[in-house]
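Please walk me through this structure, chain by chain, and then show how the parts meet.

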Amino acid sequence: MIRLERRKEPSKFWRIANPFLAVVLTMLAGGAMFAALGKDPVAAIRLIFFDPIFSQTFGSYSRPQLLIKSAPLILIAIGLAIGFKANIWNIGAEGQYIIGALFGAGVALAFFPAPGWYIFPLMVMAGAFGGFLWAMIPAILKTRFNTNEILVSLLLVYVAERILAAMALGLMRNPDIPGFPGSRDLRRYEAAHNAELIANTGIHWGVVAALIAVIFAYVMMTRHMLGYQVQLAGQAPRAARFGGVSPARLVVICLGISGALAGLAGMFEVSGPGGQVRIEFASGYGFTAIIVAFLGRLNPFGIVLAGLLLGLTYIGGELSQMILQLPGAAIQVFQGMLLFFLLALDFQTNYRLRLTRGMRI
Amino acid sequence: MKKLLTAAALSAALATPALAETTKVGFIYIGPVGDFGWTAGHDRARQELQDHFGDAVETSIVENVDYGADAERVMTQMAISGTDVIFAASFGYGPDVNAVAGRFPDVAFQHATGYIQEHPNISLYDARFYEGRAVLGHIAGKMTETNTIGYIASYPIPAVVSGINSAFLHARAVNPDVNFRIIWTYSWFDPALEADAAETLIEQGADVIMQHTDSTAAVRVAEDAGVMAFGQASDMTQFGPTAHLSAIVDRWAPYYISRIQAVKDGTWEAQNSWMGFADGIIEMAPWNDRIPADLQAEADNLIAAIAAGEYHPFTGPINRQDGTAWLAEGETAPDADLATMNFYVEGITQELPN
């Protein structure tokens with residue numbers, strides 16, 4: 001019979017191998033689903049994973065798009081991962097992303113139409129500050145009143161969405177177009193435009209910020225005292241307390257960092273690819289980033305790979321809808337499979353299967 | 001497009017009418033084709049378009065495309081892959097359509113319910129939904145027993161606001177005691193939110209639910225609660241056989257076919273079309289049997305009068321909510337006012353989110 005046996009310590013091999021195995025299993029199971037829908041599974045998988053990068057027709061456009069789609073995911077996930085390591089669960093990055101975007105856009109609209117090199121840096125600071133501020137609400141409620149940061153940060157997403165709608169309809173509405181919600185297009189306001197730094201590469205300031213955040217997070221987690229405290233608090237909270245790590249301070253720092261990074265992501269999006277404050281500006285980056293953080297094993301470089309992979313499935317998913325007429329829901333199922341297989345495989349990290357002989361009584 | 005136009009010119013010159021080239025038509029949708037409402041309406045038309053032209057057109061769709069960067073990317077990829085005509089079937093795609101159209105001057109863009117037209121390769125098209133709303137309002141005003149009509153609204157944009165105003169004016173015209181309760185969802189398609197809104201409205205005493213959102217949730221909730229409802233954009237009878245009184249059904253197919261024919265003929269050019277009952281772009285779903293025969297006849301007459309141009313749903317005297325005059329006695333609303341409408345008419349008690 002087959003028996004589950006707990007490993008003495010988690011397997012390093014499977015920790016690294018599982019994400020790759022999950023991708024392979026997703027391809028197989030997804031391929032079977034596409035075949036059941038009457039579509040060519042090989043063509044579908046190729047469209048999702050390869051054509052956005054290698055296709056002659058689409059590649060030159062979708063490669064930069066991959067960076068544009070993945071950068072906010074990576075930027076947010078980096079911040080979330082630091083908190084997750086310390087068992088501090090910021091589920092409301094979507095809200096911090098929205099508030100960061102509103103702060104950034106608010107600075108731009110306040111200066112409109114004045115030119116000035118200082119406007120964009122001010123927007124960057126405002127964006128990070130907005131996200132930080134929004135994350136401080138669950139942080140302070142937790143440290144002062146011991147509320148659950150998961151619930152508070154999540155519910156604040158819906159508050160942020162309402163504020164966004166109110167801004168798009170009221171204070172930030174473009175006064176030149178009566179009757180319609182939505183702010184001015186920041187891409188048409190040079191001083192505030194988060195433009196491509198090098199044409200047709202997709203690299204804008206948000207991509208640069210994501211890269212800096214990755215390096216910063218790596219150094220902090222491996223070389224800095226704070227990173228050590230985060231790890232310790234996550235793995236052995238009692239030991240951490242005896243070791244002089246203040247849980248309250250850690251909550252504020254972790255939520256603060258992840259909030260600020262989510263705010264930055266929102267600000268770079270609203271001033272660049274998104275272009276304007278609209279009611280439907282938030283498109284789930286803050287939630288998808290949670291998947292990216294776990295898919296990347298909470299490791300900064302893993303998160304880069306995971307962010308690019310998820311971005312790829314979005315862009316490839318659109319291509320396969322357009323070219324193969326796959327239903328949109330099938331793509332969502334496909335993306336869901338990826339997380340499902342990863343979580344299902346993770347038991348291998350902590351357990352092993354043993355074949356045993358004879359009956360146990 | 002350019003290739004097509006020259007091909008058309010060539011074939012005309014050579015007097016060979018056979019235009020063998022396939023026209024590639026792309027559709028991007030805000031919701032899923034299975035919403036049984038707005039997106040389903042556009043996809044019905046796409047299907048008819050495909051059936052009409054057969055092998056001479058090749059249609060493709062991408063559903064659930066968010067406004068903004070996602071929409072821009074999908075349309076760009078369509079253009080790169082050789083699509084000749086792109087139908088962007090939601091209001092909020094405006095800035096994205098204009099951004100992509102500027103980069104691909106040879107692709108024809110058709111933007112539904114839009115208002116931004118910065119390039120000569122963008123056509124806008126819309127339906128006069130307020131005409132249908134007048135009929136719904138008339139029926140609702142007569143059918144309600146609680147004198148409270150619930151309205152689930154999506155975004156406070158002119159098309160939605162004029163719909164509310166039209167429904168309200170016509171409900172009040174047949175029932176001076178009627179009141180509207182309006183809930184804004186800030187979304188086109190969110191079944192859970194729409195169901196919540198419907199339940200709230202019913203708790204507040206509404207016995208007729210109207211919606212300007214795309215899912216069937218409100219009709220289902222109304223069916224369960226034993227109240228009445230109108231569907232949206234498609235006939236939603238199957239989701240509430242008792243509750244569903246009727247619905248404005250969108251029929252984009254004749255327009256889509258004419259536009260693709262124009263592309264094939266080489267006569268396509270940017271237009272701004274606003275079509276109603278008279279054009280066959282909207283029609284009413286079959287009346288529910290619970291609507292009395294005389295009321296059905298009144299509704300039929302109202303539709304006929306609007307279609308014939310004898311009656312305009314916005315005919316003065318009409319005041320704005322704040323009591324200031326908008327239309328004088330006998331005056332009808334100019335299209336420009338309707339296309340930018342951002343105020344409630346007198347009698348609606350709630351405030352328009354602004």
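**Two chains and their contact**

Chain A has 361 residues and a radius of gyration of 22 Å, which agrees with the value near 21 Å that a compact globule of that length would have. The radius of gyration is taken over C-alpha atoms, and the globule rule is 2.2 Å times the number of residues to the power 0.38. This is a predicted model, in which local features need pLDDT of at least 70 and side-chain atom pairs count only at pLDDT 80 or more, while totals for chains, interfaces and linings use all residues. Residues are numbered from 1 along each chain as its sequence is written, and chains are lettered from A and ligands numbered from 1 in the order in which they are written.

Chain A contains 15 helices and two strands. Helices (H or I, at least four residues) and strands (E, at least two) are DSSP runs, numbered from the N terminus. The C-alpha trace of chain A spans about 80 × 60 × 35 Å along its principal axes. Of its 361 residues, 48% count as buried. A residue is buried if 20 or more other C-beta atoms lie within 10 Å of its own, exposed if 12 or fewer, and partly exposed in between, with C-beta atoms placed from the backbone. Among contacts in chain A between residues at least 6 apart in sequence, 78% join residues at least 24 apart. Two residues are in contact if their C-beta atoms, placed from the backbone, lie within 7 Å.

A:Thr143 gives a local example of such contacts. A:Thr143 sits in helix 6 (residues 119-145) of chain A. With 19 other C-beta atoms within 10 Å, A:Thr143 is partly exposed. Not counting residues up to four places away in sequence, A:Thr143 touches A:Ala248, A:Val251 and A:Val252. The C-alpha atoms of A:Thr143 and A:Arg249 are separated by 8.5 Å, although these residues are 106 residues apart along the chain.

Chain B has its own make-up, with 11 helices and 14 strands. Its radius of gyration is 21 Å, close to the 20 Å that the globule rule gives for 354 residues, so chain B is as compact as a globular protein of that length. Its C-alpha atoms fill a box of roughly 70 × 45 × 40 Å, taken along the principal axes. Buried residues make up 53% of the 354 residues in chain B. Among contacts in chain B between residues at least 6 apart in sequence, 64% join residues at least 24 apart.

Chain B is divided into domain 1 (2-127 + 251-275) and domain 2 (129-242 + 282-339). These bounds come from an automatic or database domain assignment. The C-alpha centres of domain 1 and domain 2 of chain B lie 30 Å apart. Where the domains meet, 16 residues of domain 1 of chain B are in contact with 16 residues of domain 2 of chain B. Helix 2 (residues 38-53) of chain B provides four residues, the largest share of the side of domain 1 that touches domain 2. By class, that side of domain 1 of chain B has eight nonpolar, six polar and two charged residues. Here Ala, Val, Leu, Ile, Met, Phe, Trp, Tyr, Cys and Pro count as nonpolar, Asp, Glu, Lys and Arg as charged, and the others, Gly among them, as polar.

Next come some strands of chain B. Strand 1 (residues 23-28) and strand 3 (residues 85-88) of chain B run parallel and are joined by four bridges; two strands pair if DSSP finds at least two bridges between them. B:Val25 stands opposite B:Val85 in strand 3 of chain B. Strand 3 of chain B also pairs with strand 4 (residues 108-112) of chain B, in the parallel sense and over four bridges. The bridge partner of B:Ala88 in strand 4 of chain B is B:His111. Both faces of strand 3 of chain B are covered: B:Val85 and B:Phe87 on one side, and B:Ile86 and B:Ala88 on the other, are all buried.

The chains also meet each other. The contact takes 29 residues from chain A and 32 residues from chain B. The largest share of the chain A side, four residues, comes from helix 13 (300-324) of chain A. By class, the side of chain A that touches chain B has 14 nonpolar, 11 polar and four charged residues.
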